[in-house]
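Visitor: I'm new to reading protein models. Could you walk me through this one, bit by bit?

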Amino acid sequence: MWYPKGDTTQVLEVDSSGCYSVEVIINGCKIQDRVNVKICMEPAAQEGSKWFFGGNAGLDFSNTPPSPITDGKVNTPEGTSSIANSKGQLLFYSDGIKIWNKDGEEMTCFGLTKCEPLLGSPNSTQSVLIVPQPTCKGCEYLFNVFTTSDINGAKLLTVSVVDMRRNNGKGAIIEQNTTLQQPTTEQIVSSRNDKDSTYWVISHGYGNNTFHIYHATDGGLTESGTYNLGMAIDTTTEAQGYMKFSAADSTGQRQLAVIIPGPPKNYVELYSFNDSTGVLSYKKTIDLGPAPPTAYGIEFSPTGEKMYVSFQGSGGTKSLLKQYDLTFPDSLLTETAITIDSSSTQKYGALQIATDGKIYMAIQGSEYLAVIGEPEGDALTSVEYKRDGVNLGGKNSQLGLPNMVQDFTQESSGPGFEAEGFCTNEPTTFEASPICDPIKDTYSWDFLGNGTFTAPSKEQKATYTYTEPGTYLVGLRASNQCKDTLIIQEVIIYPTPDPINLGPDKDTCGAYVPLDMNVVAEGYAWFNRGRIVGRQKTYNAIATGDYIGVAYNGPLRECFMADTIKISLRKPPGITIGPDTTLCRDSSIVLNVRSEVWIEFNWSTGENTRDITVSQPGTYIVNVKDRNDCFNSDTIQVGERPSPILNLAPEYIICIPDGGSTILDANGVGVLHYEWPHSGDTTRTVTVNQEGIYSVIATNDVGCVTEQSTNVVDKCEPRFFIPEAFSPDGEGHNENLEVFGAYYTRFTMRIYNRWGEVIYATTEIEDRWDGTYKGLKVQPGVYPYVLSYEALYFPERAPVVKRGSVLVIR
């Protein structure tokens, strides 16, 4: 029986690469063997390249960038799983209830009396997980399909088995719904031990803190042990978060993260797992803060140094995507977390790393997956996040993404080369991948991209030291008996910072010692007692100890310089300039260093006196020194209280000779109390009848005072009296026209006859018209006049013209 198509001949002709295994049965005894057939330059290790999830959505990671798969049959809110062969050819996929083969047909059963639905659930976080069952070290044809039911239902962990030799290589279900554990949570993960090609599967019990470890070997699937570690998961909400493995390090040790959602609080627990021994050990619990928002998805960066968590918003809280730097000490983990994205309208779901090294996030109802392009980045800009990162070809994401053996989602490698060390003036090491192992190759290198290659060599490794930063197109020419190929890859070399000199060790007295690396770099870190205590070029050391300053360039902080300084810091006397205070707007207060211990003062305002007067709100800092050269500082925050507003006019006018008076109106805004010092009145308005300067004081409800003054001046309006008639008849009464006026200047008067001739004119009001013109008496009648003058106290006004008439009676 041959895999992958179930051929039963003794000889099998093949024309494509892949893993071929055969099982020979003789008198009931079975013998297995396998062979890998390779095609040079064909990518391998792509078991995790086909994704099916959400509302008939899918992605094919055999392409760059991944292309949409639009004919998938999965339509489920949460957990799915899929599996391809090492060449990236789809084998089958499942939503935990049905299994579909590579042609999108529902997989049939073989050797079973009845084909039942699997016991997963649409509402189970990690409803299903497909894990190979080792048969002959790499040519697996049996697959374990684990399912978890809804935590609000049966709480059941089961396994079914698919044999891919059946149905002409399309596979068939040969075992169904074997119960492994009950009650269980919705969490299940798997990893591969690369040393022996076996697989580990971990689930978590419900109502306890028990992990169940299963081991899939060529002898079958067995439960290898249980571990009682961490928090008990004993509520339905706690059982719905994701569980994820990180990639393994060189020793086969990897991290396991378990999301424990709230309410009242969200947690993530971190464990250490060994691929060789299957031993699980507790590391720590991280408090992610109150729920909602509720923690849901989790994923590690490829190095395992960064951890990403998605939170689902509800009850007025936003959905969040956060990054946690696991290289930081526990006390700084949550404080330094970076919020990558937030939304008050969208619900964030699962996080899943892919074979391209990027992390993808599901967004419920979206036609896109969000993408974290550089998961190792240290800042919001450097992670290259896009919410609309990859288009699903018109299909929709829901909350879940495919659950896979963690190793299947690692970056796949094909023919080419890898480089290590990307810093100027330090060796960069290049290592070529064989074109078609085990055929031996020869290699030539062009390190500068200028067409100059090294002599051919059988050594896969080479080194080159770059002296200038930049982007280089490095060429590798590889040859063997099957293939000659030229591979060109981009290599970015980052500048190594200049050497750091923190100066000699310091023994000083003060609240801190200012430290400065004095070099230009992309990033900085200060270390004290094994902890990162600062990330700026400068740092104020506040305790005795050894301080290491590191300046680095490059996204992975590989290009760095460092220096160490020993600080012996004696504590200075205490200083205070008082508690935070406030001042009224448009007023000032005095800030004072009270203690006589201090003899030198340096205020943030630039002043160097013991006392300063400030009239603006803000933060004020004083640095002080005593006679023993001890330094200290204090800070005070000065706030501002609103002052009342007065709108008293700047000038009022009265006419004292006329016995005049005027009303002064303070017209205040936000005033609690008025006071007029000249009279003691407490009203908004007062009446005055004397000229002079008058002031009003206003106080508001926070005790702030405003004073305003006005000038009351004696200025009378011009006035005139012109008789309506006079009788120049020689009888001695009312013989002249007398005009009376006051408070005027520039007076003129003209009197006209009926023909418009001026028969009398004067500029002196004391002059009198006697009713004659050119020495002759005018006839009785009405004579018009025009009077012109300017106001004595208001010179800015235009001249005033009055017109009228006077009756001459004889």
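Predicted model: local features only at pLDDT ≥ 70, side-chain atom pairs only at ≥ 80, totals over all residues.

Visitor: Which residue of β15 is the bridge partner of Ser191?

Guide: β14 and β15 are antiparallel partners. Look across from Ser191 into β15, and the bridge partner you find is Trp200.

Visitor: Which residue takes a positive phi in the hairpin of β14 and β15?

Guide: That hairpin has 4 residues between the strands. The one with a positive phi, near 60°, is Ser197.

Visitor: What about the other neighbour: how many bridges pair β15 and strand β16?

Guide: Strand β16 covers residues 208-217, and it runs antiparallel to β15. The number of bridges between β15 and β16 is 6.

Visitor: And in the hairpin of β15 and β16, which residue takes a positive phi?

Guide: Here there are 2 residues between the strands. The phi value to look for is near 85°, and the residue that takes it is Gly207.

Visitor: How many of the 8 residues of strand β15 are buried?

Guide: In a regular strand, side chains alternate between the two faces of the sheet. On one side of β15, Thr198, Trp200, Ile202 and His204 are buried, and so are Tyr199, Val201, Ser203 and Gly205 on the other. The strand is largely enclosed by the rest of the structure, because the buried count is 8 of 8.

Visitor: Let's jump further along. Which strand is joined to strand β58 by 6 bridges?

Guide: β58 spans residues 744-752, and its partner here runs antiparallel to it.

Visitor: How many bridges join β58 to strand β59?

Guide: β59 (residues 758-762) runs antiparallel to β58. Met749 has Thr762 of β59 as its bridge partner, and in the hairpin, with 5 residues between the strands, Gly756 takes a positive phi near 85°. The bridges joining β58 to β59 number 4.

Visitor: Now for charges. Which residue does Asp60 meet in a salt bridge?

Guide: Side chains of opposite charge can pair when their charged atoms come close. For Asp60, the N to O distance to its partner is 3.2 Å. The pair links strand β5 (residues 57-60) with strand β4 (residues 50-53), 10 residues apart. The partner is Lys50.

Visitor: Is Lys50 buried or exposed?

Guide: The cut-off for buried is under 20% relative accessible area. Asp60 has 14%, so Asp60 counts as buried. Lys50 has 11%, so Lys50 also counts as buried.

Visitor: What is the N to O distance in the salt bridge of Asp658 and Arg719?

Guide: Asp658 sits in the loop between β49 (651-654) and β50 (662-665), while Arg719 belongs to strand β55 (residues 719-721), 61 residues apart. Asp658 is partly exposed at 42% relative accessibility, and Arg719 is partly exposed at 33%. Their N to O distance is 2.4 Å.

Visitor: How many salt bridges does the count come to?

Guide: Lys98 and Glu106 make another one, at 3.9 Å from N to O, which passes the rule of within 4 Å. Salt bridges that share partners also join Glu23, Asp163, Arg165 and Arg166 into one network. The count comes to 31.

Conventions:
Residues numbered from 1 in each chain as written. Heavy atoms only, no water. Salt bridge = Lys/Arg side-chain N within 4 Å of Asp/Glu carboxyl O. Buried < 20%, exposed > 50% of the residue type's maximum accessible area, 1.4 Å probe, protein only. Pairing = 2+ DSSP bridges.
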